[in-house]
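Visitor: Hi, can we go through this one together? I have a few quick questions.

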Amino acid sequence: MMDQSPRKYNADETQAERARGLLAKHGMMRISELVAEGIAATTMSRLLTDGAVLRLSRGLYQLADAEIDTNHDLAEAAKRVPKGVVCLTSALAYHELTDQMPRKVWMAIGPKEWTPVEHGPRLRIVRMSDRLLQSDIETHIIENVSVSMFTIPRTLVDCFRHRKSVGLNVAVEALREALRQRKATPAAIAECARERGAWSLMAPYLETLTLDG
């Protein structure tokens with residue numbers, strides 16, 4: 001969270017310089033965040049015209065020479081949907097538990113959250129209860145952006161719960177890979193499955209894969 005207290009700037013530092021410095025620090029920023037930092041919208045327009053910054057999507061900016069991560073779309077999606085959590089196939093791909101390359105970023109949001117407008121990376125929205133959105137979350141830093149993502153055990157459980165959307169074969173293979181790569185223990189997966197009401201569904205697969213391993 002950005003500091004909202006009054007700021008003292010170097011009198012010799014221009015708004016354009018401040019904007020570039022902020023973007024270098026935060027990776028990418030929404031126009032509302034830049035304005036809160038004292039940067040005028042006209043300054044961003046000039047930087048855009050000069051080619052110093054890129055407009056990734058409506059109201060979202062990044063330095064033109066910023067180093068682009070392979071998971072750039074996840075960072076951009078996190079800025080576009082601040083209360084969202086990367087989930088399902090997108091989380092599997094980030095953790096290298098699937099060969100599937102999702103064409104959309106899977107994001108979980110609350111039941112009453114607004115549906116993001118399609119600008120920038122295409123999103124696949126999954127609505128979850130507030131209770132489910134407040135647990136099993138970890139933060140990953142991508143291009144200096146904090147990206148909320150479900151843990152590996154929770155992602156595996158959700159893939160089985162949403163198997164009609166993800167594909168049961170994808171869920172089973174991800175479970176196999178998580179165990180093979182030792183990225184999650186059988187005990188941690190089982191505990192999460194019980195807590196999220198998916199144990200009866202996952203138990204046969206987890207027990208078979210554990211025995212096979």
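Visitor: How many nonpolar, polar and charged residues are in the lining of the second largest pocket?
Guide: This is a predicted model. In it, the lining of the second largest pocket has 7 nonpolar, 4 polar and 4 charged residues.

Visitor: What volume does the second largest pocket have?
Guide: Its volume is about 300 Å³.

Visitor: OK, at what angle do helix 7 and helix 9 pack?
Guide: Helix 7 and helix 9 (residues 168–180) pack at about 155°, and their axes are 8 Å apart. An angle over 145 degrees counts as roughly antiparallel, so helix 7 is roughly antiparallel to helix 9.

Visitor: Is the crossing of helix 7 and helix 9 left-handed or right-handed?
Guide: Left-handed.

Visitor: Which residues make that contact?
Guide: Helix 7 brings Ile152, Leu156, Cys159 and Phe160. Helix 9 brings Leu168, Ala171, Val172, Ala174, Leu175 and Ala178. By class, that is 10 nonpolar, no polar and no charged.

Visitor: What about helix 7 and helix 10, how do their axes cross?
Guide: Helix 7 (residues 152–161) and helix 10 (residues 186–195) cross at roughly 55°, with axes that come within 9 Å. That angle makes helix 7 oblique to helix 10. The crossing is right-handed.

Visitor: Which residues meet there?
Guide: Pro153, Arg154, Leu156 and Val157 of helix 7 meet Ala188, Ile189, Cys192 and Ala193 of helix 10. They divide into 7 nonpolar, no polar and 1 charged. Leu156 is listed in the helix 9 contact and in the helix 10 contact too.

Visitor: Last pair. How far apart are the axes of helix 1 and helix 3?
Guide: The axes of helix 1 (residues 15–26) and helix 3 (residues 41–50) are 10 Å apart, and the angle is about 80°. Angles from 65 to 115 degrees count as roughly perpendicular, so helix 1 is roughly perpendicular to helix 3.

Visitor: And which residues meet in helix 1 and helix 3?
Guide: Gln15, Ala16, Ala19, Arg20 and Leu23 in helix 1 meet Thr43, Met44 and Leu47 in helix 3. This contact has 5 nonpolar, 2 polar and 1 charged.

Technical notes:
Residues numbered from 1 in each chain as written. Predicted model: local features only at pLDDT ≥ 70, side-chain atom pairs only at ≥ 80, totals over all residues. Heavy atoms only, no water. Axes fitted to C-alpha atoms, helices over the stretch in contact; angles between N-to-C directions. Helix = DSSP H or I, 4+ residues; strand = E, 2+ residues; numbered from the N terminus. Parallel < 35°, antiparallel > 145°, perpendicular 65-115°, else oblique. Left-handed = near helix turned anticlockwise from the far one by under 90°. Contact = heavy atoms within 4.5 Å. Nonpolar A, V, L, I, M, F, W, Y, C, P; charged D, E, K, R; others polar. 1 Å grid on protein atoms, 1.4 Å probe; cavity = no way out; pocket = protein on both sides within 12 Å on 5 of 7 lines; lining within 4 Å. Points joined across faces, edges and corners; volume = space filled by probe spheres on them.
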